[in-house]
Amino acid sequence: MSDRRDFIKATAVGALGLAALPSAASLAATPLVPSGTPTKHELPPLPYAYDALEPHIDAQTMQLHHDKHHAAYVAGLNKAEDELAKARASGDFALVQHWSKQAAFHGGGHFLHSMFWTVMAPSGKGGGGEPSGALMDLIVRSFGSFDAFKKQLNAAAAAVEGSGWGLVHFRPSDGSLIILQAENQHKLSSWGSTPVLGIDVWEHAYYLKYQNKRADYIAAWWNVVNWAEVARRVESAR
Ligand code: MN3
């Protein structure tokens with residue numbers, strides 16, 4: 001396949017008399033922006049309509065959650081990284097602790113919400129049910145059974161103190177899944193593993209519809225878990 005592509009490219013370049021295209025290596029060595037320039041993070045679009053997860057997660061919650069809360073984390077992360085770049089330029093690191101904390105908080109929020117939207121899908125159209133194949137095997141190997149996995153994640157998410165997340169990570173060192181909590185979006189979880197599934201249990205994720213009944217929201221959330229995306233994330237983390 002790649003031989004064929006190279007042949008087509010070489011033929012096109014030859015036929016049109018174009019100068020040789022720059023190689024990937026020379027592009028990598030010539031950055032388009034000056035060294036040390038922070039990345040401009042952007043809010044990813046929701047992969048479905050605001051009301052796509054109804055009745056389990058209501059449209060108004062989704063709209064506010066994505067358009068306001070997640071957008072604020074993106075802005076906060078950009079701001080923090082801009083400030084750290086300014087500190088590098090000026091050599092004044094007096095506020096390095098403040099901006100490092102801001103970068104961790106907003107960066108955690110941006111990362112986890114970007115994952116959160118994609119590990120959900122409309123119920124019955126990619127969302128809900130049970131995982132199958134290699135992902136189900138991995139869950140059973142890691143937790144004993146799907147039921148035990150579900151109960152632990154329910155308990156972990158329900159027991160987060162204040163605002164936070166229930167998280168499932170893939171840990172490459174032993175090839176297993178583990179369940180963790182995050183307070184806010186950056187505290188408590190351990191190193192060396194990659195999030196592959198998470199449920200946001202900040203009140204902004206459920207309060208309009210479920211008020212103080214976090215457990216009811218968690219129970220409803222299982223109806224929209226996108227197991228195909230979770231499986232893809234596990235494979236990419238391997
Ligand atoms: Mn949230």
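Residues are numbered from 1 along each chain as its sequence is written. Because the model is predicted, local features need pLDDT of at least 70 and side-chain atom pairs count only at pLDDT 80 or more, while totals for chains, interfaces and linings use all residues; side-chain values use heavy atoms, with hydrogens and water left out.

**Exercise 1. Classify the ring pairs Tyr-206 with Tyr-207 and Trp-222 with Trp-227.**

Step 1: A pair of aromatic rings is described by the distance of the centres and the angle of the planes. Rings of Phe, Tyr and Trp (its six-membered ring) pair if their centres lie within 6.5 Å, and planes under 30 degrees apart count as stacked, over 60 as edge-to-face and the rest as tilted.

Step 2: The search of the whole structure finds 16 aromatic pairs. For Tyr-206 and Tyr-207 the centres are 6.4 Å apart and the planes stand at 40 degrees, so this pair is tilted.

Step 3: Buried means under 20% relative accessible area, exposed over 50%, and partly exposed in between (1.4 Å probe, protein chains only). Tyr-206, at 4% relative accessibility, is therefore buried, whereas Tyr-207, at 38%, is partly exposed.

Step 4: For Trp-222 and Trp-227 the centres are 6.3 Å apart and the planes stand at 25 degrees, so this pair is stacked. Trp-222 and Trp-227 are both buried, and they belong to one aromatic cluster that also includes Phe-143, Phe-146, Phe-149 and Trp-221.

**Exercise 2. Identify the protein donors of the manganese ion and locate His-65 and Asp-200 in the chain.**

Step 1: Donors are N, O and S atoms within 2.8 Å of the metal (3.2 Å for Na, K and Ca), and water is not among the atoms, so sites may look incomplete.

Step 2: The protein donors are His-65 (NE2), His-113 (NE2), Asp-200 (OD) and His-204 (NE2), lying 1.9 to 2.2 Å from the manganese ion. Their spacing along the chain is H-x47-H-x86-D-x3-H.

Step 3: His-65 lies in helix H3 (residues 59-90) and Asp-200 in strand E3 (residues 194-200), 135 residues apart, and the pair links distant parts of the chain. Helices (H or I, at least four residues) and strands (E, at least two) are DSSP runs, numbered from the N terminus. His-65 and Asp-200 are both buried.

**Exercise 3. Describe the surroundings of Asn-226.**

Step 1: Asn-226 is found in the loop between helix H8 (214-221) and helix H9 (227-237), and with a relative accessible area of 14% it is buried.

Step 2: Leaving aside neighbours within four places in sequence, Asn-226 is in contact (heavy atoms within 4.5 Å) with Thr-118, Val-119, Met-120, Ala-121 and Gly-126.
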